[in-house]
Amino acid sequence: MSTLLQERHQPITAPKLRDRVPAQRVTPRGSARHAAAAAVPNRPVEAPRGRWRPILGSIVATLREWRRRSVARRELANFDERMLRDIGIDPSIVAYEMYQSFWRPLRDWRD
């Protein structure tokens, strides 16, 4: 006979009472998480002040400056020759500025 048939003929018995594990009862603790909604103070949540905050602030400031430079160069490229003469800039200077990278600051050409 195969082992599966031998196991099939074994009687099925219910577990004994002594084999059972007694249930553990959890008593609620008096913590802030389990407090009633009325007991929680109504105040705005503050962001944690960590060591990354100044670094992220400087990264955001740098990205904003790069964006400002890019927009300024694009606006300068949209000026026609008459407007450039009015502000005292040669069109060749505008062509030079348009080929500069966004991380390079704009030069003051009014000297």
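Before you click on anything, sort the residue types: Ala, Val, Leu, Ile, Met, Phe, Trp, Tyr, Cys and Pro count as nonpolar, Asp, Glu, Lys and Arg as charged, and the others, Gly among them, as polar. The model on your screen is predicted, with local features needing pLDDT of at least 70 and side-chain atom pairs counting only at pLDDT 80 or more, while totals for chains, interfaces and linings use all residues. Residues are numbered from 1 along each chain as its sequence is written, and side-chain values use heavy atoms, with hydrogens and water left out.

**Stop one: the largest pocket**

Select A72, L76, I89, L106 and R107, which lie nearest the centre of the largest pocket. A pocket here is an open set of points on a 1 Å grid over the protein atoms alone, where a 1.4 Å probe fits, with protein on both sides within 12 Å along at least five of seven lines; lining residues have an atom within 4 Å of a point. Its volume, the space filled by probe spheres set on the points, is about 170 Å³. The lining has 10 residues: seven nonpolar, no polar and three charged. Now colour helix α2 (residues 52-78), which gives the largest share of that lining, three residues. Helices are DSSP runs (H or I, at least four residues), numbered from the N terminus.

**Stop two: helix α4**

Next, select residues 91-98, helix α4. Which of its residues are buried (under 20% relative accessible area, 1.4 Å probe, protein chains only)? They are I93, V94 and E97. Look down the axis of α4: these buried residues fall within an arc of 100°, so they line one face of the helix. The arc is taken from the directions from the helix axis to the C-beta atoms. Show α2 and α3 (81-87) too, as both are among what covers the buried residues of α4, by contact of heavy atoms within 4.5 Å.

**Stop three: the aromatic rings**

Finally, select W66, F102 and W103, which form one aromatic cluster. Rings of Phe, Tyr and Trp (its six-membered ring) pair if their centres lie within 6.5 Å; planes under 30 degrees apart are stacked, over 60 edge-to-face and the rest tilted. The count is two aromatic pairs. W66 and F102 have ring centres 5.2 Å apart and planes at 70°, so this pair is edge-to-face. F102 and W103 are also edge-to-face, at 5.0 Å centre to centre and 80° between the planes.

Conventions. Helix = DSSP H or I, 4+ residues; strand = E, 2+ residues; numbered from the N terminus. Buried < 20%, exposed > 50% of the residue type's maximum accessible area, 1.4 Å probe, protein only.
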